[in-house]
Amino acid sequence: MPGDLRQGRIVIVGASLAGLRAAETLREEGFTGSLTVVGDEPYPPYDRPPLSKQVLLGKVAADATGLPMRRDPDAQWRLGVRATGLDPVGKRVLLADGQSLPYDRLLVATGTRARPWPDPREAALEGVFTLRTCDDAGCLAERLAAGPRRVLVIGGGFTGSEIASVCRERGLEVTVAERGAAPLVGALGGTLSKFAASVQRAHGVDLRCGVTVTALRGNGRFTGAELSDGSRVDADVCVVAMGAVRNVEWLADSGLAASSQGIACDAGCRAFDRYGIVTDDVFVAGDVARFPHPLFDYQMLSLEHWGNAVAQAEVAAHNMVSSGPLRRPHLAVPVFWSSQFGLNIKSVGVPTFSDEVVIAQGSLSDGRLVAVYGYRGRITAAVTINMAKWLEYYQGLIETAAPFPPGPGAADGRPLVAEFSVPSNVPDPKGLFHGPTVALTGHLPDYRLAVGRPAG
Amino acid sequence: MRIVVDLTRCQGYAQCVFLAPEVFELHGEEALLYNPAVPDDQLERVRQAAAACPVQAIVVGEEVTVSAR
Amino acid sequence: MAVDTLLERITDYANRPDPYPLYAELRAAGVVRQTDGSYLVGTYSEIVALLHDPRISVDRRNLAAPYRGWVDEDQSVSFILLDDPEHYRLRSLAMRPFGPPHSPGRIDAMRGEIAGITEDLIEALDGRTRIDIVDDFAYPLPVTVICRLLGVPREDEPTFREWSAMIIDSVDIKPGEDPTGRQRAGGQARAEMGRYLVDLAEQRRGHPSDDMLSAFVNDTDPAGRLTREELATTAVLLFVAGHETTVNLITNGVLTLLRHPDQLDRLRHQPDLLPNAVEELLRYEPPVHLRPRTPLANIDVAGTTIPKGASLVLVTASGNRDPKRFRDPERFDPTRRDNQHLGFGSGVHICYGAPLARIEAQIALGALIPRLGTATLVQDPPPYRHNAMLRGPRHLPIEL
Ligand SMILES: Cc1cc2nc3c(=O)[nH]c(=O)nc-3n(C[C@H](O)[C@H](O)[C@H](O)COP(=O)(O)OP(=O)(O)OC[C@H]3O[C@@H](n4cnc5c(N)ncnc54)[C@H](O)[C@@H]3O)c2cc1C
Ligand code: HEM
Ligand code: SF4
């Protein structure tokens, strides 16, 4: 096919999950040219989800989560080297060691880093941690193993909650300080966040919601923190789990549409420049990307999901070496999992893109359930707790823009729909938008389509 | 040998835990934990587990090795 | 031929040796109401969707009257025929002495014992030139294993063999036939077998041994106890499901390998391929071909509305050969990748004993393959068992 790239030079910046999967896919797609992967961490690609789970639990060493290759991508690995800039006209990636790499196609997969504690002096106290890299996890695991008297976790999102879970499993006292009304509220909305709060308390977490941490205290060593409600938490370890910052600074002068929300790209993973014009040689994948999704009113999604990094990397790699009509859209419905307090929490769709929620199967009291989220009368997300085998069904409902609430008749002995639905209590997703409703069809990547679906 | 389980696909069928209980473990009823760095004496069992996974979520392979080239 | 007689033709004993052309016809026809009122689904993605659909029930009491057949309202049923949350509760209890999270190493620890039983059976074949794979090997192996696992005396085989036969006959699908007789007989057999197994368990109350019946009655955690009735139905299910299928897998394995001498040869030289080959067998010649269900609401499947309470038959063995899902589906390929077959079902009712069945089949075929070098089939196709749902040869005579 003319226009296909078989030879030439491809550079991938970011040597982690998305970077590795893209490199493998490029070879699978028949690319035989030169392939260079640049990563600022000194390690070969490794997996991060185990860091807040197996590694902190002490079951797996921090340096043992290296990702397996699905095939050898036969790449030149430039590890421990940071990319510092991009010259889009000269088509070169500038490196911290002064060298530069010419490319025909570039993939940006620089992901995110942990948001640091805002006060650098307090953040530098011994005993204050963030968790993003295997080095972070190794140091923190060591501290947890040494048996601190109390751990303070700042932030009740997924990572913070997983860390709190590990602490309890290790028998450590732990305080979680969360600014919102309950843990996971930003991700799962009101109903399930209340459930998450009760689970944490039942496991002995000292959960403080609706408070902010105003200062970290210590003299060289962290000794405790002040909270906005005037109280103080004495602890000897503090984990700052306040979310992630996208690694886009190196692209500041590149002319690309890079902001704190990530690098904007189209559904084919091609980066936009600052004017909203799509580039044809710079692609984006993984946590650093922002992309439009037809199922969610074409809003630009920024996901920090393992599965998205893999799926988007595969689509990006395919499109990097394929010409126009053979390119594919990245239409995967977002799926996320977290394991904490012995629960397997999975979500499909975008739970925050909702105005109502029902418990469709199971119950809060059983601790196993399916919550289904709707937005303006159609199903946009589902979350399972210890009921992952049903998730696929709800994914199908999301993909086909099925009406909310889901129809009646359940295999668990009562109507599928709770008698009433409750507000999902997430900030209303973007004002008043009356767009066409869209459904996805097809199972195979090359047959997947978004088709219009008349509302009604 | 390294493994990674695509936990977005995994439905908690636990076939892997049955077949290689020293590498895979259920945490609670359904959440899967595993050792990404497979010990040598478990290679055979892990291959069996990967073949048996009903949703083919277990990726088996070698870690990237970076040689000076 | 008319597509509304497909179920009749699929279950017709004359078609037992090769139902696969009928499955191709079924996939092409889509979802069609059968002459007996039931609906057949034979395409992969529709079957998978239905197995994960909470509106689909396995509980026969949800069938509309004309399809229900004979249901003894007083007899309780095992979890294979129960929906959530009862299904979940009983399956979790049954899992406690068998697998994770409570007993993760239990089945793995049986590898040596299974290898020993296999060894003994193989030794008994020494010097013989003509054997029946079913009677001499594929049947005795899983029976001995399930007896050891549950704690049932192997000597009682004459009794339980008959019960088991009546039970699986009672759950088979036979359109156009009044099922009352065999369902009653099955109910009777279930009750008798249940009493027998509960008695065995009761003898161990307070004297724990290392079998599952003992574990069921001696579980120290009150949350782990089954009632007497639950124990009866669960033990019957485990015992029957635990061997009636595995015998087919091993036999189908030998038959398929003898029909594909090149692949047999390959496996002889690359025993590493065996786990993969067993998965391919579960796709290509699965021991379970049909599974019944019923919708709790009117549902739409591939453009056809299946009414609430209708009898719905999922032809999982047809899904396994769906070219929309599997490349070259009619080819037996032990190296096949991405093999998400339906041999053990999918969703919450996925086979409970799958890991045990896999280990048994791998060990059994691994031990037989080196001896099949010059073996030939005496009869091809071999005589089949009557059951259409649990399909497999009744005998498989081979010349060594
Ligand atoms: C502790 C933890 C737990 C998680 N748990 C889950 C979970 O349970 N479920 C789930 O779905 N997801 C989870 N995730 C998220 C998941 O790990 C990410 O979605 C995934 O790692 C994204 O991959 P990526 O390749 O896009 O980005 P990253 O993994 O962030 O990789 C980007 C790489 O680029 C490098 N880089 C950045 N800037 C430059 C530069 N200028 N030059 C060179 N290299 C650069 C970075 O150092 C990094 O190595 C978790 C993440 C963490 C940290
Ligand atoms: C090759 C051998 C086997 C095959 C092909 C097989 C196949 C299946 C299939 C397809 C189902 C799903 C039924 C449905 O969805 O309606 C199932 C369920 C079941 N199997 Fe197996 N099976 C095998 C061996 C075993 C063994 C060895 C055991 C017990 C030790 C066992 C116990 C069960 C039980 C208890 C169920 C019911 C599960 C539930 O409803 O939750 N099976 N089996
Ligand atoms: S066998 Fe597969 S689906 Fe099951 S727990 Fe293991 S990885 Fe998950």
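This is a short tour of a predicted model, stop by stop, with what to select at each one.

Before you start, note that residues are numbered from 1 along each chain as its sequence is written, while chains are lettered from A and ligands numbered from 1 in the order in which they are written. Local features need pLDDT of at least 70, side-chain atom pairs count only at pLDDT 80 or more, totals for chains, interfaces and linings use all residues, and side-chain values use heavy atoms, with hydrogens and water left out.

**Stop 1: chain A.** Colour chain A by secondary structure and you will find nine helices and 31 strands (DSSP runs of H or I, at least four residues, and of E, at least two, numbered from the N terminus). Of its 456 residues, 60% are buried, meaning under 20% relative accessible area, with exposed over 50% and partly exposed in between (1.4 Å probe, protein chains only).

Now select residues 34–39 of chain A, which form strand 2. Five of its six residues are buried, so the strand is largely enclosed by the rest of the structure. Arg9(A) stands opposite Ser34(A) here.

**Stop 2: the ligands.** Show the shell of ligand 3, where 13 residues surround the ligand (a heavy atom within 4 Å), the closest being Cys10(B), Tyr13(B), Ala14(B), Cys16(B) and Cys53(B). Which classes make up the shell around ligand 3? Ten residues are nonpolar, three are polar and none is charged (Ala, Val, Leu, Ile, Met, Phe, Trp, Tyr, Cys and Pro count as nonpolar, Asp, Glu, Lys and Arg as charged, the others, Gly among them, as polar).

Next, pick the iron atom of ligand 2: its only protein donor is Cys351(C), through SG at 2.3 Å. Donors are N, O and S atoms within 2.8 Å of the metal (3.2 Å for Na, K and Ca); water is not among the atoms, so sites may look incomplete. Cys351(C) sits in the loop between helix 16 (316–319) and helix 17 (354–368) of chain C.

**Stop 3: Arg268(C).** Select Arg268(C) in helix 14 (residues 261–269) of chain C. Arg268(C) counts as partly exposed, at 27% relative accessibility. Leaving out residues up to four places away in sequence, Arg268(C) touches Ile369(C), Pro370(C), Leu372(C) and Gly373(C) (heavy atoms within 4.5 Å). Between Arg268(C) and Gly373(C), the C-alpha to C-alpha distance is 8.7 Å, across 105 residues of sequence.

Definitions and conventions: Two strands pair if DSSP finds at least two bridges between them.
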